[in-house]
Every structure is written in structure tokens, then in C-alpha cells.
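Please keep the sequence and the 3D view at hand while reading.

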Amino acid sequence: MKKYAKPQFRHLGKADMYTTCELLLIKIHVITGWPIPDNEDLMTVLTDQFMQLLLEDYPEMNADEVEYAFRHYGATGEIKDWGKSMNLTLIQQVLIPYLNKRYDLGQVERRAKEQPQEVPKWECELNWALMYLEQIDKDPCRVIRYKKRR
């Protein structure tokens, strides 16, 4: 699965970012059941503040990751909303654990790539034997002379 199928938030223009935030808030509402403001002015403020939050604190994420985070971390019932309307604190209670988990997995992947792979002894011996056979193919007399000098 490609992590960045959609553009990161920092690469979106203001109009696209605002539309993305409106859609994300509706999807978060559907996933979690957290009520969204009925008042249009409050919804505008929530959308604007949500957009600022994503651009300031989560610029490397994208909309797909936010949706994934809420499906896997927000719908578990571990986040206690106590009947509150959707707000930035509730949203961060999902995004922070998701990013911590993503960071931990990234560290494991990085360490796995950095660790030199030990070549098994049999593979070294096989490589040596293959190189020896290649030398015989190139110049059989040279190999034979080499063996006699030993």
C-alpha cells in the first residue's frame, strides 16, 4: 500500500485543503459518531481550525491516513467523548496515537534496512566455487598451473 497516494496536506492549495477538511470532518463524524455543529458559523470555525491544525501539526499526512487513523483508532471506543461535539482535542486523541505507531513502525523498518545481512557460510563457499568454475572456463591452463604451485 502506497503511503502517499493522495498529496500531503502541505502540498495542497488553500481551497483544496479547505474542501478536504470539510470532507474529513464529515467522514470523522460518520466513523466516530461525534456530533458536528449544526450552526453553520461554528462548522466554518471548526473547519478552519481543523485545517490549521493539520497544516501546522500534521503537514506530512494526507486525507487517506487521517481516515485510516479514525477507522482504526477512533472507532474502537477507547476515545471518550462524553457526548461532546467534535473538537480539535478529540481529533488529536486519535491522530497522536496513530502517528506514534507509524513512527515506531518506521523505526523498525529503518533498522531492518540498516542492519547488514550476514552472508551464510555455505553461500560464501558457493560463491567461491562459482568464481573458481568461471576461471576454469576462461583459462583452464592458468587454473591448473595455480593448483600445481600450491
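## A buried glutamate and its partners

Glu67 counts as buried, because its relative accessibility is 14%, where buried stands for under 20% relative accessible area, exposed for over 50% and partly exposed for what lies in between, with a 1.4 Å probe and protein chains only. The structure is a predicted model, in which local features need pLDDT of at least 70 and side-chain atom pairs count only at pLDDT 80 or more, while totals for chains, interfaces and linings use all residues. Residues are numbered from 1 along each chain as its sequence is written, and side-chain values use heavy atoms, with hydrogens and water left out.

Glu67 forms a salt bridge with Lys27, a term that asks for a side-chain nitrogen of Lys or Arg within 4 Å of a carboxyl oxygen of Asp or Glu. This pair links distant parts of the chain, since Glu67 belongs to helix H3 and Lys27 to helix H1, 40 residues apart. Helices here are DSSP runs of H or I with at least four residues, strands are runs of E with at least two, and both are numbered from the N terminus. Lys27, at 35% relative accessibility, counts as partly exposed.

Glu67 also forms a salt bridge with Arg71, and these two residues both lie in helix H3, four residues apart, which is about one turn of the helix. Arg71 counts as partly exposed, with a relative accessibility of 44%.

A search of the whole structure finds four salt bridges, and the table lists some of them, including the one between Arg102 and Glu65.

| Salt bridge | Closest N and O atoms |
|---|---|
| Glu67 and Lys27 | 3.0 Å |
| Arg71 and Glu67 | 3.8 Å |

Glu65 counts as buried, at 4% relative accessibility.

## The chain and its helices

The protein chain has six helices and zero strands. Buried residues make up 25% of its 150 residues, and the chain exposes about 11100 Å², of which carbon and sulfur atoms supply 55%; the areas come from the Shrake-Rupley method with a 1.4 Å probe, and for residues only the protein chains shown count as cover.

How do helices H1 and H2 lie to each other? The axes of H1 (residues 14-32) and H2 (residues 40-57) come within 9 Å and cross at roughly 110 degrees, and the two helices are therefore roughly perpendicular to each other, a label for angles of 65 to 115 degrees. In their contact, which means heavy atoms within 4.5 Å, residues of H1 including Met17, Leu24 and Ile28 meet residues of H2 including Leu46, Phe50 and Leu54. The residues of this contact divide into 12 nonpolar, two polar and three charged.

## A loop residue

Ser85 has its place in the loop between helix H3 (63-74) and helix H4 (88-114). Ser85 is partly exposed, with a relative accessible area of 39%. Although Ser85 and Pro35 are 50 residues apart in sequence, they are 4.8 Å apart in space, C-alpha to C-alpha.

Conventions: Axes fitted to C-alpha atoms, helices over the stretch in contact; angles between N-to-C directions. Parallel < 35°, antiparallel > 145°, perpendicular 65-115°, else oblique. Nonpolar A, V, L, I, M, F, W, Y, C, P; charged D, E, K, R; others polar.
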